[in-house]
Structure formats: structure tokens, C-alpha cells
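The following explanation leads a new reader through a protein structure. Please keep the sequence and the three-dimensional view at hand while reading.

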Amino acid sequence: MSFFSKSRPGDGPGINRQSGVSARGPVTAAVAAPPAKLAQGGPGFVPRVSRLSNGLKEFLCQLDGIGRGHLLDLGPARQTTITFFIERGFKVYTEDLLVTWKNFLDADEKQMFELAPGADRMEMTPAARAERFLDSTLRYSPDTFDAVLMWDLLDYLDNELVSRLVTRLTSLLRDGGVALAIFHTRKPEAFHRYRVLDAQNLELIPAPCPFAPQHVYQNREISDLFRRFRSSKTFVGRDQLREGLFIK
């Protein structure tokens, strides 16, 4: 976990960053425009794409007027995204949940391999594993955040973890808080990370995928996952992405 905020007087220029320590160590239908390719580079260049994000635009509208809010980004720390929000008065906390989950599973697999024959493996069931993972991460007090950027991580997590994770994030959001999530309408052929370019556009960055896509969520399943939220909006794009905005 990392925390970012504006530098205080005496800190010098730039962003003030403090590294946190976890128990395991050290966020009405509309149609988005099709993605546009960014300028290409030399040989071997992997193109990035930008896309108009109605979900991001509405996300920011919901945050307008909050002032000194707290935002949780569940993707990797991206300088442009961090700067975008701290310039709007937010403290930004980042937790690359897919990487954290992958590291947890790798350690769990090693531990299970070392268990003696006949040893109790009840803690190694998918449900127990999800509970143990959430005991070790996202250890914030209830009602800490005004906003959460979930990106498309739910598509890559198993069912036992997804339901528990959404419940945890619901508890971390204050009343009136907002979450932005992205869902694929079919299994994606490539994995991307996301960063905020401006108030209406996201950049999709090709990246190695730590997990294969686990599930394509239908509208009813999404509504059930976020049933504790008082309202939601969906923005459907032509690029097989569906943005969901959920207001607690």
C-alpha cells in the first residue's frame, strides 16, 4: 500500500509519498466512443489506446465539491492518475490488488506443498483463502474513503474472493461514496492497466496478466454484487467494456 498527497511546506517540490506496511510485508446507459490509438513508436512498439470514459466523467461529477477527500486506487500507482487526483485535493492510496493476490497465492501454494501428509487443509479452501487474504490487506477503518477505482480487477478474481472483496470495499466507503468498476462484455484477448489522462479519457496500457479472465459478469450479477449501494449507472462502450458507477 502506498499513500500520496500534496507536499507540505518544507517537503520540497513534488509529491509526498509514504509507504505503508501490510500484515504480509514492507470505481442510465450511454455509449462511449471507440478507442483511439496513441502515437506509435519504433520497432516492437506495443500500441496503447485511449478511450472516452463516461464513467470517469460521472465519477468526477459525484466527487465535485468534496474537497479534501480520500481515494483508493486498486491498480498500480500511475503518476498521472495520482497527480490528477491530488491536484483536486484528494489523498490517494494505492494497492495493486491483482499483484497482492498473486503474491498471496504463490506463498499459499508453497505453504500447502510443505504441509505434512494428513495435515488439516481447511484453511486452504477457496473460501478460507479469500478470508485470510482480506485479513492481510485493505486494513483500513470503515468509512475511510470517498471514492474507489476498482478498474476491471473483478473479472480476474475467483468468485469466493469477489463477493467478499465487494463487501469489504462497501464498508470502506463513506455514505455517498462512489466506486468505479469496469467489466468486459466478453472474455478479453489482452490484459490492460488503466491510467487517467484527463477528466474524460483513460489510457489502456498493455501489460502482463497475472491471471486468466475468470468470469464475464452479466447485469444481474453486477447488480447483486453491488446491492448494498443505493444507486448505480452503466456506460456501455463499443470496445466491449462496460463501466459501472456505484453510489453508496
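Which residues does Gly-55 touch, not counting residues up to four places away in sequence? They are Leu-180, Phe-235, Glu-243 and Leu-245, where contact means heavy atoms within 4.5 Å. Gly-55 is found in helix 1, and its C-alpha atom is separated by 8.3 Å from that of Lys-233, 178 residues apart along the chain. Gly-55 counts as buried because its relative accessibility is 0%; buried means under 20% relative accessible area, exposed over 50% and partly exposed in between, with a 1.4 Å probe and protein chains only.

A word on the basis of these values is in order. This is a predicted model, in which local features need pLDDT of at least 70 and side-chain atom pairs count only at pLDDT 80 or more, while totals for chains, interfaces and linings use all residues. Residues are numbered from 1 along each chain as its sequence is written, and side-chain values use heavy atoms, with hydrogens and water left out.

The protein chain contains six helices and 13 strands; these are DSSP runs (helices H or I, at least four residues; strands E, at least two), numbered from the N terminus. The chain has 248 residues, of which 44% count as buried. Its accessible surface comes to about 12800 Å², and 50% of this belongs to carbon and sulfur atoms; the areas come from the Shrake-Rupley method with a 1.4 Å probe, and for residues only the protein chains shown count as cover.

Helix 1 spans residues 54-63 and is mostly covered, with seven of its 10 residues buried. Among them are Asn-54, Leu-56, Phe-59 and Leu-63. The helix is followed by Gly-65, which has a positive phi, near 90 degrees.

In the largest nonpolar core, which has 37 residues, Leu-72, Leu-138, Met-150, Leu-154, Leu-165, Leu-169 and Phe-226 touch the most other members. Such a core is a set of buried Ala, Val, Leu, Ile, Met, Phe, Trp, Tyr and Cys residues joined through side-chain atoms within 4.5 Å. Elements that each supply at least two residues of this core include helix 3 (97-113), strand 8 (145-151) and helix 5 (159-172). Helix 5 gives the most, with six residues. Leaving aside neighbours within four places in sequence, Leu-72 is in contact with residues including Tyr-93, Leu-138, Phe-145 and Leu-169. A second, separate core of 26 residues includes Phe-59, Leu-60, Phe-84 and Tyr-194.

Aromatic rings form a further theme. The structure holds 15 aromatic pairs; rings of Phe, Tyr and Trp (its six-membered ring) pair if their centres lie within 6.5 Å, and planes under 30 degrees apart count as stacked, over 60 as edge-to-face and the rest as tilted. Tyr-156 and Phe-191 form an edge-to-face pair, 5.1 Å centre to centre and with 85 degrees between the planes. Tyr-156 lies in the loop between strand 8 and helix 5, and Phe-191 in the loop between strand 9 and strand 10, so the pair ties together parts that are 35 residues apart in sequence. Both Tyr-156 and Phe-191 are buried.

Phe-59, Phe-84, Phe-85 and Phe-90 form one aromatic cluster. The charged end of Arg-88 sits over the ring of Phe-84, 3.6 Å from its centre; this requires NZ of Lys or CZ of Arg within 6 Å of the ring centre and within 35 degrees of the ring normal.
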